Amino acid sequence: MDLDGRNSDFNDNAPGNLRVDHLLPSRGLEPLGNGVFWPTSDDPLYRLVGGGTNVPTSDHRLVWQDVRAA
């Protein structure tokens, strides 16, 4: 299936084509800072994600969130 560069196709009822990285903090945790590890091509850590070809790690990105116990 060609998704034209989209991360997911929510209008398709067939399983297996949702490629969304997300996180859900547990109840009782207060969300603080969050983000996606997506270094630019001039960042020294760009070598970890590459330019989309020959990616040494994954084509997904690290999603992170700081939390505090409420």
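These legends describe a predicted model in a few views. Local features need pLDDT of at least 70, side-chain atom pairs count only at pLDDT 80 or more, and totals for chains, interfaces and linings use all residues. Residues are numbered from 1 along each chain as its sequence is written, and side-chain values use heavy atoms, without hydrogens and water.

View 1. Helices (H or I, at least four residues) and strands (E, at least two) are DSSP runs, numbered from the N terminus. Of the 70 residues, 13% are buried (under 20% relative accessible area; exposed is over 50%, partly exposed in between; 1.4 Å probe, protein chains only). The accessible surface is about 5,800 Å², and carbon and sulfur atoms hold 51% of that surface (Shrake-Rupley method, 1.4 Å probe; for residues, only the protein chains shown count as cover).

**View 2. R68 and E30 form a salt bridge.** The N to O distance is 3.7 Å. A salt bridge puts a side-chain nitrogen of Lys or Arg within 4 Å of a carboxyl oxygen of Asp or Glu. The whole structure has one. R68 lies in strand β2 (residues 63–69) and E30 in strand β1 (residues 29–36), so the pair ties together parts 38 residues apart in sequence. R68 is partly exposed, at 44%. E30 is partly exposed too, at 36%.

**View 3. V63 sits in strand β2.** Its relative accessible area is 27%, partly exposed. Beyond neighbours within four places in sequence, V63 contacts D21, H22, L23, G35 and V36 (heavy atoms within 4.5 Å).
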